Amino acid sequence: MRGTLHVVPADDVRWLLRALGPVFVRTGATRHAQLGLDDALKSRSVAAIRRILTDAGPLTRYELVDRLRKRDVKLDPRTQGPIHLIQFAALQGILCLGPDRDDGESTYVLLDDWVRSAPTPSRESALAELARRYFAAFGPATVDDLAAWSGIPMAEARAATSRAHAGLVEISIRGKPAFMARKSLRQSSKRSTAKPTVRLLPAFDTYLLGYRHRDFAVSPAMERRLQRGGGWLHPAVTVNGRAVAAWSLDRARGVGRITVEPLDKLSPAVRAGIDGEVRDIGRFLDLAVASRVGEPASAPAPRPSGR
């Protein structure tokens, strides 16, 4: 999802492959053609990979490619063809990452040898489960957000949301329909609003990823602060779910320093919340951490002294 690796429970691997495997196989077809991986070669290679790992797994990428070549599956190891072929086999539920070698090199094993078998639902049921879990974790979110996060087409995202509807509640975000888990809505209604909920989120936190748009949580000005180019999403300070500042941590000689860059002036209650988060970061890192809150970016520039 989103073209990056995810850590998931072993019990979820098979139904996730059922839901998402065909999507990524389709999206990879153009690149496969560029690499000379036609349907006949891919089919023959997947069958050979299964036999090779049955007989000799776990194997590193280079060992696996070498054995494929000995079975007359010609792959140029200098290209991306081999890793795309391995990915193709993984999306079909043939292989997965296995134990690392002593030198740290990764190996591949048969999925059936590494993860216990489990009943595999229909693809429609798997997509409905994906939608249910997405809205439970990321809601409130839209069907468009689900499609952007998962990579599935909009038509499948709509159908999956419809099948998962029993556990969801529909709300409105700026006039657009959105969904969240009923249980989450009940829990949020019980939360106290006496003091603000302040969080120092790390870079690439999923609260700010996994959506088509996140404008109800991040203003345009704040988005420019958090996404400054190069594909990097900077750490964010959120107050009651809304990003109000960027922050960074510098470490030197066993001491840490957190700098907070707010857009607007922060209330004493928010500053107290930041102090609590800073202490918790220090506890987690086992590091003495100090903090500094900079001047608001929206504050007017000081007047020249005239000297």
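Which helix gives the most residues to the lining of the largest pocket? In this predicted model, local features require pLDDT of at least 70 and side-chain atom pairs pLDDT 80 or more, whereas totals for chains, interfaces and linings use all residues. Residues are numbered from 1 along each chain as its sequence is written, and side-chain values use heavy atoms, with hydrogens and water left out.

The answer is H1, with eight residues. The largest pocket holds about 1,300 Å³ of space; a pocket is an open set of points on a 1 Å grid over the protein atoms alone, where a 1.4 Å probe fits, with protein on both sides within 12 Å along at least five of seven lines, and lining residues have an atom within 4 Å of a point. Among the 34 lining residues, Leu-5, His-6, Leu-17, Ala-90 and Leu-91 are the closest to the pocket centre. The lining comprises 23 nonpolar, ten polar and one charged residues.

The axes of helix H3 (residues 39-56) and helix H5 (residues 81-91) come within 10 Å and cross at roughly 75°. H3 and H5 are therefore roughly perpendicular to each other (65 to 115 degrees). Lys-42, Ser-45, Val-46 and Ile-49 of H3 meet Leu-85, Phe-88 and Ala-89 of H5, contact being heavy atoms within 4.5 Å.

Strands S7 (residues 242-252) and S8 (residues 255-262) pair in the antiparallel sense over eight bridges; Ala-246 has Glu-261 in S8 as its bridge partner.

Terms used:
Axes fitted to C-alpha atoms, helices over the stretch in contact; angles between N-to-C directions. Helix = DSSP H or I, 4+ residues; strand = E, 2+ residues; numbered from the N terminus. Parallel < 35°, antiparallel > 145°, perpendicular 65-115°, else oblique. Points joined across faces, edges and corners; volume = space filled by probe spheres on them. Nonpolar A, V, L, I, M, F, W, Y, C, P; charged D, E, K, R; others polar. Pairing = 2+ DSSP bridges.
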